[in-house]
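Open the model in your viewer and keep the selection tool ready. We will go stop by stop.

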Amino acid sequence: MTFPRKVVREQPTQRGLMGSEKQAILDAEGLQALLTALKARGYRVIGPTLSDQAVIYDDIETLDELPRGWRDEQDGGHYRLVESGEDRFFDFVVGPQSWKKFLHPPQQTLWRARREGEAVTVTPEPAEPERFAFIGVRSCEIHAIAIQDRVLIEGPHADPHYRARRQDNFIVAVNCARAAGTCFCASMNTGPKAESGFDLALTEIDGPEGPLFVAESASAAGEDLLGELPRRPATPEEVAAGTAAVAATARSMGREMPAEDLRDLLLRNLEHPRWEEVAERCLTCANCTMVCPTCFCTSVEDASDLTGQETSRSRRWDSCFTLDYSYIHGGSVRSSTQSRYRQWMTHKLATWHDQFDSSGCVGCGRCITWCPVGIDITEEVRAIRDSERDPVSES
Amino acid sequence: MAAPETAPLDPMAPLVARVTRRHHDAPEVFTLELEPEDPGALAPFAPGQFNMLTVFGVGEVPISFSGDPVDQNRLVHTIRAVGPVSGALTELEPGAAVGLRGPFGVGWPMAEAEGKDVVVVAGGLGLAPLRPALYRLFAERERYGKIVLLYGTRSPDDILFRRELEAWRGRLDAEVEVTVDHAMAAWHGNVGVVTTLIPRCSFDPAQTVALVCGPEVMMRFAIAALMDAGVAADDIYLSMERNMKCAVGFCGHCQFGPVFVCRDGPVFPYARLRGLLALKEL
Amino acid sequence: MEGLERIVKEHVFFADLTDDFCKLVCGCAKNVRFEAGDYLFREGDPADQLYVIREGRVAMELSAPGHGSMTFQTVGEGEIVGISWLIPPYRWTYDAKALERIRAISIDATCIRRKCEDDHDLGYELMKRFVPVIIERLHATRLQMLDVYGTKS
């Protein structure tokens, strides 16, 4: 670390924070201390790293692994990392992966069965007792995690694997100081400022000698940990700088979801010609569902050894864009592209409300960025919305 | 809320059951009787619910209960061999091990039907999920008004559960009609589409609960005929079929508009699905 | 004659027919009986009668070499056997066989066609009763064609 020490140290014996000190300032060293402290507490620390020319969430130990000085360019079907020329840690937004990679992994063994003579024993795959600390979780992603919680653990049945992976998470949010070209969280009311669902939230601001973080705790664990870190109280100017940065992000969203009752709009337009139109562009590649932080669908596969003594079942991510997804004997219910696109979009924006009392979209924009043909969910909604408007009455 | 001390039941892990009997009902259709190795581990099933059955190393499919709900220790499932898993299931011999999860789903509205006329319209294999309801209706005959059973299938060879149908048809307190789509001249029963039988039956449409199960096209026509006869959309119940992988609402496959067929169904009042059934590829 | 009028008026197919129309229909009608196994008519015969079933069931059959006789529809009490009499060339396109003892009202097709031609009001009234039968059979045929109970291969 080359940063000069500017931060006033607390006495090591002093634990916790005073109420007036809810917002503290960490410098880079404080951030490193956060990573170290989490690891010391037994967390598996995951954060953004640079890999394959993208921001990828992976195990991290030091600040050097963060994509410091990089920012992303995102647009429909377009993602590039460029050097920003600025000494900032979190100037990129969200990449192709989301935290569901860890909480709801792409592949999960469910059980193994063993046959010995006539006897068959089924052993459920033990849920992994991993404790994750996620560094740099954006507000949209916190909402996405809450949405997957509702699907996988808050319903009548709970997925033991998701529950185990979700237990005791330590979430370090980062309030976005920049919006990507495909971001639209502001219009989904899911960001850019993290309001809850985290332990610590950081807002990166420019200090006189490098990046600083306005840190705020929202849980006992967060407060406890923050109390251990080298820090100083935030000045009103620093707090204001952080607030202004996030407000500027909200104003510079690359996309905007129309402010309609999307559920009603889509459900009364299930036979709109736009579905056919978008189907001409959609490749049913399923990218949008793989990158979506709320898409939860899975399929199962059974495997057997050659003797048939050991068998197992695993689940893997599935997508409503595949033909197999809706297969019932004799054929697929949704054989056309338009029916599959309609299923995805109406589920995300409309029927999700019926099922889980919220939208299934958090406005992260990944589906737009990672669509090979740049289909834009906000544009598709707008097209349907505009078709209902009487052009004469528009002023 | 404190975390439970013991590990909660994994909804995806099957119990082991044994095939105790296998019966060939019709071309490609078999009935398996299963006995769980640990009978205490299963909740009682209700008519219209289903189990997920696993052939180890092959896969898992949803299969409705088709047995008598009075006999909760005998899990009866009627299966048509249409794919690799159902095909493998129908080839299992007594003694074979089967994985079993369940019971799942919302079944037939047996309580709501009490005191009312009950019209049961079944098509093809759709008689299987209705059989537990029929056992219940006849076992508790005094609780219901008129009972009408209309069963349509492809040909006389495809008729399921002949023994029960003949017994119910022989009753003086039920109207039971069987019809086939086509038959050789030796068949002296009805030929024609099952829905055409609806206007010919006597029931009080204002005081009727209708239970419908069969291919979706047949159900759409049956609903139309029932509504023409004056039965309200709220009183018509149908059992839906969609791809199911998990049976607990995690996998997403069985979505039909806003509902998860596995969890919110498979039995739904038609009023809830009205407007969705006519949409193509929903 | 009075007895026949009562039978016609009480038959569900002719429900709410006016007395005048009823008299016109009865002028062409008579009571008939068939025993089980009898043929009401056979494919290719002139369609010179139509039957309104009062009791028993009739099977409509088609035969094909190598396939034998196949029943594609049965009709019973309250229903109609035969609609081919309505349109030229007035020829039956299937066999109609009594499955049980049949009691029916037989209506002379030539007679009723002439009366409908003379009195279009009667013609329209009867059309309103026959067209739904045609439509229903068309729907049924569609469903049978779909073979909804079959497994797709």
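**Stop 1: a glutamate in chain A**

Select A:E238 and A:T235. The A:E238 side chain comes to 2.8 Å from the backbone nitrogen of A:T235. Keep in mind that this is a predicted model.

Which element holds A:E238? Colour residues 236–251 of chain A: this is helix α7, and A:E238 lies in it. Is A:E238 buried or exposed? Its relative accessible area is 12%, and the cut-off for buried is under 20%, so A:E238 counts as buried.

Next, show the neighbours. Leaving aside residues up to four places away in sequence, A:E238 touches A:I25, A:I205, A:L212, A:V214, A:R232 and A:P233.

**Stop 2: where chain B meets chain A**

Select chains A and B together. How many residues does each chain give to the contact? Chain B gives 39 and chain A gives 49. The two chains bury about 3700 Å² between them. Of that area, 56% is on carbon and sulfur atoms.

Now highlight B:F250, B:Q255 and B:E281. On the chain B side, these three lose the most area to chain A. Together they account for 20% of what that side buries.

Go on to B:E60 and A:R313. They form a salt bridge, and their closest N and O atoms are 3.0 Å apart. The count of salt bridges between chain B and chain A is 1. Polar contacts across this interface link 23 residue pairs, with both residues at pLDDT 80 or more.

**Stop 3: inside chain B**

Colour residues 15–104 of chain B as domain 1 and residues 117–239 as domain 2. How far apart are the C-alpha centres of these domains? They lie 24 Å apart.

Look at where the domains meet. Here 16 residues of domain 1 are in contact with 13 residues of domain 2. Between them, the two domains bury about 1200 Å², with 64% of it on carbon and sulfur atoms. Select B:P47, B:S66 and B:T78. On the domain 1 side, these lose the most area to domain 2, together 30% of what that side buries.

For polar contact, it finds 1 residue pair, both at pLDDT 80 or more. Now colour β1 (15–26), β2 (29–36) and β5 (75–80) of chain B. These elements give two or more residues to the domain 1 side. The largest share, 3 residues, comes from β5(B). By class, the domain 1 side has 7 nonpolar, 6 polar and 3 charged residues.

**Stop 4: a leucine in chain C**

Move to chain C and select C:L24. Helix α2 (residues 19–26) is its place. C:L24 is partly exposed, at 28% relative accessibility.

Then select C:L4. C:L4 and C:L24 are 20 residues apart along the chain, and their C-alpha atoms are separated by 12 Å. Last, show C:K115, C:D119 and C:L122. C:L24 touches these three, not counting residues up to four places away in sequence.

Methods. Residues numbered from 1 in each chain as written. Chains lettered and ligands numbered in written order. Predicted model: local features only at pLDDT ≥ 70, side-chain atom pairs only at ≥ 80, totals over all residues. Heavy atoms only, no water. Domains from an automatic or database assignment. Contact = heavy atoms within 4.5 Å. Buried area = accessible area lost by both parts, 1.4 Å probe. Polar contact = N/O pair within 3.5 Å; in protein donor to acceptor, adjacent residues only side chain to side chain. Helix = DSSP H or I, 4+ residues; strand = E, 2+ residues; numbered from the N terminus. Nonpolar A, V, L, I, M, F, W, Y, C, P; charged D, E, K, R; others polar. Salt bridge = Lys/Arg side-chain N within 4 Å of Asp/Glu carboxyl O. Buried < 20%, exposed > 50% of the residue type's maximum accessible area, 1.4 Å probe, protein only.
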